[in-house]
Amino acid sequence: MWAGVLRRGSLVGGIALLALVCGCAGSGTGTPQGTVTVTVTEQPSSTAATSAAPGPSMTPATSAPAPTVTTSTDADALQALVDRINHGRLAPRLRTDFVATYAGVFCSLTDPVVGCELTDGGRIKPPADRCRGGAGAHDIGRIVFGDAGPEPQCNSDTIVRPDAPKLQKGQTAKNSGGTVACLAEPLGVSCYDRISGTGFTLGRDGYAIYTG
């Protein structure tokens, strides 16, 4: 009988022994054991919502910019134009005229007309104070250097020479006296007249005049 009791009580005895060791049971005059506090930290749920990664932008592609017409009296803007022209690769044989076919611009560097004209029928809508009335053209197709600097013209004629040599992008051309120089830029042709101290840029998307 005692054997059966011992076998059935083995588990209870083990628990009691553990309680004595931990100081959790029994009586006496010994120093009370300190309280042990166990803190359980709740783990984040595996199903918690996470921030969605940003998807591709749905903004539609912007269309080509409308033609722009500007006149700048900023000396820094004029100097930046001169610096770009001076840093271009000189095409020494182009001293009278040329065409930048990629930009649709023809330029004449000698009299009677010193300036540039849009080729292939290109035209630019003028400011309100130009091309008004009359039987002539009502849009701008050419810019020439006049006594007071660049002059946009509402031309109905043309100065384009079909067999003019080509000026490549990044190249510059100067007339024989070195008074006028032009640079083939990505969107058009920029020219500077040393005598008037003015310049302009002409391209399919518009033009800019620099008077410093």
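Me: How many disulfides are there?

Reply: The count comes to two disulfides. Bear in mind that this is a predicted model.

Me: Which cysteine does Cys107 join up with?

Reply: Cys107 is joined to Cys116, with an S to S distance of 1.9 Å.

Me: And is that one right-handed or left-handed?

Reply: The torsion about the S-S bond of Cys107 and Cys116 is about 105°, so this disulfide is right-handed.

Me: Are Cys107 and Cys116 buried or exposed?

Reply: Buried, and that goes for Cys107 as well as Cys116. The cut-off for buried is under 20% relative accessible area.

Me: OK, what about Cys182, where does its bond go?

Reply: To Cys191, with 2.0 Å from S to S. Here the torsion about the S-S bond is about 110°, so the Cys182 and Cys191 disulfide is right-handed. Both of these cysteines are buried.

Me: Let's zoom out. How many helices and strands does the chain have?

Reply: Two helices and 12 strands. Reading from the N terminus, the order is α-β-α-β-β-β-β-β-β-β-β-β-β-β.

Me: What order do the strands take in the five-strand sheet?

Reply: The order is β3-β4-β5-β6-β7, in an open sheet with antiparallel pairing. At the edges are β3 (97–100) and β7 (149–153), each of which pairs on one side only. Neighbouring strands in this sheet are turned by 20° against each other on average, direction ignored.

Me: How many bridges hold β6 and β7 together?

Reply: Five bridges, in the antiparallel sense, with β6 covering residues 142–146. As for a particular partner, Arg142 is bridged to Gln153 in β7.

Me: Where does Gly121 lie?

Reply: Gly121 is in the loop between β5 (115–118) and β6. Its relative accessible area is 67%. Exposed means over 50%, so Gly121 counts as exposed.

Me: How far is Gly121 from Thr158?

Reply: Their C-alpha atoms are separated by 10.0 Å, and the two residues are 37 residues apart along the chain.

Me: Switching to aromatics. How many aromatic pairs does the structure hold?

Reply: One aromatic pair. The rings belong to Phe145 and Phe200, with centres 5.1 Å apart and planes at 50°, so the pair is tilted.

Me: Which parts of the chain does that pair link?

Reply: Distant ones: Phe145 is in strand β6 and Phe200 is in strand β11 (residues 198–203), 55 residues apart. Both Phe145 and Phe200 are buried.

Me: And which ring does the charged end of Lys169 sit over?

Reply: The ring of Tyr102, at 5.0 Å from the ring centre.

Me: Last topic, the chain overall. How much of it counts as buried?

Reply: Of its 212 residues, 32% count as buried.

Me: And what share of the contacts comes from residues 24 or more positions apart?

Reply: Those account for 54% of the contacts in the chain with a separation of 6 or more.

Conventions:
Residues are numbered from 1 along each chain as its sequence is written. This is a predicted model: local features need pLDDT of at least 70, side-chain atom pairs count only at pLDDT 80 or more; totals for chains, interfaces and linings use all residues. Side-chain values use heavy atoms; hydrogens and water are left out. A disulfide is a pair of cysteine sulfur atoms within 2.5 Å. Buried means under 20% relative accessible area, exposed over 50%, partly exposed in between (1.4 Å probe, protein chains only). Two strands pair if DSSP finds at least two bridges between them. Helices (H or I, at least four residues) and strands (E, at least two) are DSSP runs, numbered from the N terminus. Axes are lines fitted to C-alpha atoms, for helices over the stretch in contact, and angles run from 0 to 180 degrees between N-to-C directions. Rings of Phe, Tyr and Trp (its six-membered ring) pair if their centres lie within 6.5 Å; planes under 30 degrees apart count as stacked, over 60 as edge-to-face and the rest as tilted. A charge sits over a ring if NZ of Lys or CZ of Arg is within 6 Å of the ring centre and within 35 degrees of the ring normal. Contact means heavy atoms within 4.5 Å.
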